[in-house]
Amino acid sequence: MLILVSGPSGVGKSSVIELLLARHKNLALMKTFTTRKQRAQIDGAYFHVSKKKFDEMIKNGELFEYENVHADLYYGTPFSSLDKVIEGKKDYIKDIDVHGVEKLQNYLRGKSRVVSVFLDSPDHHLRQRLERRGESSEMIEKRLSRAGMERSKKHLFDLVLQCDDIGQTAQDIENFIQQNKA
């Protein structure tokens with residue numbers, strides 16, 4: 001199974017994912033390649049690469065999907081990660097841009113169960129969270145400018161949640177998966 005988690009920047013995707021990973025030993029993080037700079041000493045959700053390396057990966061057909069998400073920050077899903085999902089030895093969870101969700105759902109249809117979750121929160125909460133993590137004013141505006149477009153894609157998701165409490169949001173995801181077993 002693959003759990004796809006999406007939503008506007010600052011909504012709490014990483015925090016929810018970390019909590020779910022801590023609660024479920026058979027759940028692993030599906031890493032993404034990015035040209036974004038690391039935010040912390042340990043940034044386990046990503047393989048950080050240069051734009052040149054990212055372009056080489058595209059040219060060599062190593063990425064299933066990729067997106068220029070924020071101000072020339074690129075994110076992409078490698079085919080090698082999808083092979084692990086299809087293998088089925090573990091369940092995986094991934095933070096992904098709204099554009100990648102439909103692509104992954106279509107690719108994995110009939111090969112693996114996919115559960116898509118959209119997390120949302122009011123813009124003023126998003127802004128506060130982005131400020132707390134040290135984003136520049138310019139980057140905060142760029143990230144928030146995408147929120148409307150991202151929200152317009154909610155209909156593509158299996159589950160849409162208001163993410164005000166990380167623990168409750170994780171519990172709601174767990175309940176949904178349990179109640180909707182394939």
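A residue is buried at under 20% relative accessible area, exposed at over 50% and partly exposed in between, using a 1.4 Å probe on protein chains only. This is a predicted model, in which local features need pLDDT of at least 70, side-chain atom pairs count only at pLDDT 80 or more, and totals for chains, interfaces and linings use all residues. Residues are numbered from 1 along each chain as its sequence is written, and side-chain values use heavy atoms, leaving out hydrogens and water.

**Helix H1**
- Helices (H or I, at least four residues) and strands (E, at least two) are DSSP runs, numbered from the N terminus.
- In helix H1 (residues 13–23), the buried residues are Lys13, Val16, Ile17 and Leu20.
- These residues lie on the same side of H1, because they cover an arc of only 100° around the axis, taken from the directions from the helix axis to the C-beta atoms.
- Glu18 and Ala22 are exposed, on the face turned away from the buried side of H1.

**Salt bridges**
- A salt bridge is a side-chain nitrogen of Lys or Arg within 4 Å of a carboxyl oxygen of Asp or Glu, and the whole structure has 12 of them.
- Asp55 and Lys51 form one, at 2.5 Å from N to O; both residues lie in helix H2 (residues 51–59), four residues apart.
- Asp55 is partly exposed, with a relative accessible area of 34%, and Lys51 is partly exposed at 35%.
- Asp97 and Arg146 form another, also at 2.5 Å from N to O, and link distant parts of the chain, 49 residues apart.
- Both Asp97 and Arg146 are buried.
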